[in-house]
Amino acid sequence: MKVVSARFDIPNANKIEVAKAHGAYANLDEILKMPRIDIVDAIDKSGLRGKGGGGGHCGTKWKNMIAWPSEKRYLVVNGDESEPGTCKDKYIFNLDPHLLIEGIIISAYALGACRAYIYIRGEYEKEFQSIQRAINESKDERRGLEIIVCKGAGAYICGEKSALLESIEGKRGHPRLKPHNRAEPDFLFGSACVVNNVETISSVPFIVKNGWEKYRSVGTPKSPGTLLFAVTGCVNTPCVKEMPFGTKMIDFINEFGGGVWKNRELKAVIPGGSSAAVLTKDEVMKATLDYENLWEYKSALGTGGMMVFDDTISMPKVLLNLLEFYTEESCGQCTPCREGCGWGMRVVERICKGEGSKKDLQILKDICFMLDGKTICVFAPAVKDVIIGFITKFEDEFLALCKD
């Protein structure tokens with residue numbers, strides 16, 4: 001079942017006349033006459049989960065927003081796809097931008113939003129041009145709804161929703177403190193808003209047109225529906241493919257990724273973009289692509305971006321590469337994150353040079369304790385998960401490089 005990729009293989013489906021010939025904006029007049037709460041209930045009953053990494057329940061977020069008294073409401077679409085290993089949203093931007101716009105129109109109507117913002121990664125120039133053309137083409141379909149595209153400036157942290165909202169408001173992209181009241185929505189320009197990922201909003205038309213039961217007919221009971229999964233790294237055919245939640249990870253790698261590159265042995269997989277904890281070969285053989293199963297391995301499905309490593313890859317060097325990225329991308333607002341990421345990087349660098357010792361592994365664990373739960377956003381705890389995953393599951397490789 002194809003929820004968001006049905007028109008990916010149709011030539012010129014990014015143009016409105018082709019998209020409309022294949023179902024885009026169909027029955028939109030009838031949908032926009034439905035009671036708003038019926039649409040919200042359909043999204044809630046479908047079990048649609050956020051497809052930007054966290055996997056939160058979309059219906060709960062929508063209900064919290066519409067229940068909050070606010071003179072204005074906004075819809076914000078997160079297209080800041082900066083997670084290493086993740087490259088799914090760009091397919092929607094390039095191949096079927098009108099699906100996203102249709103999802104925005106329906107979602108904005110259901111939420112009572114007066115304006116919609118699309119926040120797109122600054123490096124996505126081609127994708128920016130594609131979605132902007134589609135917005136211009138869809139003027140008659142939008143019924144006056146204003147859609148504004150905001151380009152990021154290359155900051156990875158702006159993929160975090162509160163930093164993204166700060167950036168849209170023209171401020172430095174620093175994450176906000178989270179409210180104690182979980183029913184409180186997010187706020188943009190002082191008004192209530194909902195922030196959802198590109199693929200999440202692009203799933204809305206399918207659910208509204210086909211019914212929430214159809215969406216729940218695939219996937220797992222707790223992770224219903226589908227996701228655009230990506231596989232990159234040491235595979236023969238890197239790709240992005242829409243599959244139901246619950247698909248076996250090794251089957252996806254073998255069938256769509258073409259197996260491990262040059263028929264080498266599989267060593268490890270990072271399952272959900274670089275901030276998900278790494279899995280060993282034995283774990284990969286048993287894992288399924290859904291949120292609950294990967295939590296059992298103390299990892300995360302994240303954005304579904306699998307990074308595959310074969311038996312020739314040095315895992316300490318992979319960790320060093322990741323920590324170089326996270327050290328660069330920490331916004332620096334919180335001291336544990338600002339100092340801890342760089343400290344961890346320097347310790348791993350020392351080990352990779354053959355100048356480390358067994359004590360350095362304990363130092364890395366101490367750094368992880370400092371990173372976990374002591375910062376405003378989840379950037380530092382995610383780095384902690386990355387470090388702990390590597391040094392516990394591939395400890396022998398780190399010890400082999402230590403001089404003592």
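Which residue lies over the face of Phe128? In this predicted model, that residue is Lys151, placed at 4.8 Å from the ring centre.

**View 1. Charged side chains over aromatic rings.** Lys151 lies over the face of Phe128, and the charged end of Lys374 sits over the ring of Phe369, 4.0 Å from its centre.

**View 2. The largest nonpolar core around Ile118.** This core has 55 residues, and those with the most contacts inside it include Trp62, Leu75 and Ile118. Helix 6 (residues 97-111) supplies the largest share of the core, 10 residues. Beyond its neighbours within four places in sequence, Ile118 is in contact with residues including Val77, Phe93, Leu100, Ile104 and Cys150.

View 3. Among the 15 aromatic pairs of the structure, Trp68 and Phe187 are edge-to-face, with 6.1 Å centre to centre and 75° between the planes. Trp68 belongs to the loop between helix 4 (58-67) and strand 1 (73-79), and Phe187 to strand 4 (residues 186-188), so the pair ties together parts that are 119 residues apart in sequence. Tyr74 and Phe189 also form an edge-to-face pair, at 6.3 Å centre to centre and 80° between the planes, linking strand 1 with the loop between strand 4 and strand 5 (191-197). Tyr74 counts as buried at 4% relative accessibility, whereas Phe189, at 42%, counts as partly exposed.

Key:
Residues are numbered from 1 along each chain as its sequence is written. This is a predicted model: local features need pLDDT of at least 70, side-chain atom pairs count only at pLDDT 80 or more; totals for chains, interfaces and linings use all residues. Side-chain values use heavy atoms; hydrogens and water are left out. A nonpolar core is a set of buried Ala, Val, Leu, Ile, Met, Phe, Trp, Tyr and Cys residues joined through side-chain atoms within 4.5 Å. Buried means under 20% relative accessible area, exposed over 50%, partly exposed in between (1.4 Å probe, protein chains only). Helices (H or I, at least four residues) and strands (E, at least two) are DSSP runs, numbered from the N terminus. Contact means heavy atoms within 4.5 Å. Rings of Phe, Tyr and Trp (its six-membered ring) pair if their centres lie within 6.5 Å; planes under 30 degrees apart count as stacked, over 60 as edge-to-face and the rest as tilted. A charge sits over a ring if NZ of Lys or CZ of Arg is within 6 Å of the ring centre and within 35 degrees of the ring normal.
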